[in-house]
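Me: I would like to learn how to read some side-chain and backbone features in a model. Please take them one at a time.

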Amino acid sequence: MSEGMSYAGEFVLEKCEIVACGNDRVDVSKELMQLDIYESIDSPLLQGNLVFTDNFGLTNTMPIVGQEILRLKIRTPSTMGGGDFGEEKIIDRQFYINKVNSAKSLKPDVQAVSVEFVSMEGIRNNRNIVDRILTGTYSSIAKQMLKSDLKTKKTVFVEESSGIKKIVANEMTPIDIIHQCKKEAVSKENGQPTYRFFETLTGFHFRSIQSMYATESAQQYTIVENETTVDGRPDFMAEYARIRDYNINRNPDTMSGTVTGQFSSQLTVHDIFNKDIITTNFNYFDQFDFLKPEAQNFTINTYHGKGANSMYSKTAYDQDGSNLGSTSVAKYVTSVSFKDQATGTDASLTTGDGKYAFQAPNHQRWLLGGKAFDESLRNGYVLDLTALGHTYMRAGQVVTINIPRPSRAKQPDKSPLNRFYQGPFLVEAIHHNFLPDGENGPTHMMFMRCVKDCVEEELEFVEELPQDVDDTFFEEDPLVEEFYQDELA
């Protein structure tokens, strides 16, 4: 990586070209003030903004009106392209400028122009309405939307889902249809309802969170107080692994989690065709009960050879031993028409020859587990960090993070690492920031949000609440019901 590199974080801007409506073109690489690109596993499209100096009145003469094409080519020095399985290591993309912000005057005849841009598929999506019947697995329908309707030429990563479905698309955009598929898709590989649809600088992804967990760590990040050198020269690899700043951003809320179904929930399904009631219960702790042969743990540590335990304690809340997962406050009721409950076929949909080949919207497979997983990831161990950037880090990758343990010198256990913020983390989002006038020159910074959904060591718990902390055993205070005196003084 270090060949041809002067310092860690350096980038080469080979092209930053704006193509106007009339095909006039101008490269503003030398006028660049700031470039930002945002990618997230919760966003279907790449977005960004560009700020450049305008010495020639381009907003008026080209003009720039929010209908232009932006062509970008950026790379880390010594990185020319390529990558495993078609994963490009450079940024070579075309975007649509959709908004022109207010210009700021810097000096006479010079202004700073700010524009916002989005992936080309974004403008195609808004101009493409799907009005037809779609059949196949959710993954094949998503692939069809991307390749045939949005006509993307980018790399598409699609994880195969289970079950043949039938969607009657009525005046829907392709991305709306993919979002519908994402909501109910269940992985054929692991049976998990954790699909995400998103775009990175590599391409489009329709896949489960577990398929991301299963990838090797792309980068290690740790805290280093001083710059690292080798034989008196900067150690570029160590500098890329150095966390410049970080913020622990976890906000667990067990009250909210109880209400939203993060820890337990119940689904009641009325099977109209078979005149039957099907009840399904979810308990967060079941997946971590290693005494149960059927327990399956699909958290990130499982895929990286680490201990995988619950983020929450199983401690008892009362003398009966009930815990966070004992009572289902979140309850859902729905109806479905199963031709065959065992196979989940839909009694209301048939093929042309009268066969029941399509899967019903089987809420038992995705609703409870999917909602609980989303809440656990949102309320999991979240770390916002700043690091020097390179052009092949992507949202959806796994990184290894090691944060020092706070006040370790004052504790009996001298372990150097934070017990919660160590090991594999999923990169949920990246903000790529390119500045041409960094401290050493053109500098690429990354502001990353990394998340984790488990802990390595099981949290302590008691199986029943001790009486001295159970307020039901405390002496009862008086009940006050009288507030009015017979006579006022």
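Me: Over the ring of which residue does the charged end of Arg250 sit, 5.3 Å from the ring centre?

Reply: Keep in mind that this is a predicted model. The ring belongs to Tyr312. The charged end of Arg250 also sits over the ring of Tyr381, at 4.1 Å from its centre.

Me: How many aromatic pairs does the structure hold?

Reply: A pair of aromatic rings is described by two values, the distance of the centres and the angle of the planes. The structure holds 13 aromatic pairs. Take Phe95 and Phe117: the ring centres are 4.8 Å apart and the planes stand at 55 degrees, so this pair is tilted. Phe95 belongs to strand E6 (residues 91-100) and Phe117 to strand E8 (residues 110-119), so the pair ties together parts 22 residues apart in sequence. Both Phe95 and Phe117 are buried. Compare Tyr284 and Phe285, an edge-to-face pair with 5.3 Å from centre to centre and 75 degrees between the planes.

Me: Are Tyr284 and Phe285 buried or exposed?

Reply: Tyr284 counts as buried, at 2% relative accessibility. Phe285 is buried as well, with a relative accessible area of 6%.

Me: At roughly what angle do the axes of helix H3 and helix H4 cross?

Reply: Two packed helices are described by the angle between their axes and the distance between the axes. Here the axes of H3 (residues 138-149) and H4 (residues 174-184) cross at roughly 160 degrees and come within 9 Å. Angles over 145 degrees count as roughly antiparallel, and H3 and H4 are therefore roughly antiparallel to each other. The crossing of H3 past H4 is left-handed. On the H3 side the contact involves residues including Ile141, Met145 and Leu146, and on the H4 side Ile177, Ile178 and Cys181 are among them.

Me: Which peptide bond is cis, with omega near -10 degrees?

Reply: Most residues other than glycine have a negative phi, and most peptide bonds are trans. The bond from Met62 to Pro63 is cis. Pro63 is placed in the loop between helix H1 (58-61) and strand E5 (68-75).

Me: What is phi of Asp109 near, and where is Asp109 found?

Reply: Phi of Asp109 is near 70 degrees, a positive value in a residue other than glycine. Asp109 is found in the loop between strand E7 (104-107) and E8, and is exposed, with a relative accessible area of 72%. Glu171 also has a positive phi, about 55 degrees, without being a glycine. Its loop lies between strand E11 (165-168) and H4.

Definitions and conventions
Residues are numbered from 1 along each chain as its sequence is written. This is a predicted model: local features need pLDDT of at least 70, side-chain atom pairs count only at pLDDT 80 or more; totals for chains, interfaces and linings use all residues. Side-chain values use heavy atoms; hydrogens and water are left out. Rings of Phe, Tyr and Trp (its six-membered ring) pair if their centres lie within 6.5 Å; planes under 30 degrees apart count as stacked, over 60 as edge-to-face and the rest as tilted. Helices (H or I, at least four residues) and strands (E, at least two) are DSSP runs, numbered from the N terminus. Buried means under 20% relative accessible area, exposed over 50%, partly exposed in between (1.4 Å probe, protein chains only). A charge sits over a ring if NZ of Lys or CZ of Arg is within 6 Å of the ring centre and within 35 degrees of the ring normal. Axes are lines fitted to C-alpha atoms, for helices over the stretch in contact, and angles run from 0 to 180 degrees between N-to-C directions. Angles under 35 degrees count as roughly parallel, over 145 as roughly antiparallel, 65 to 115 as roughly perpendicular and the rest as oblique. A crossing is left-handed if the near helix is turned anticlockwise from the far one by less than a right angle, and right-handed if clockwise. Contact means heavy atoms within 4.5 Å.
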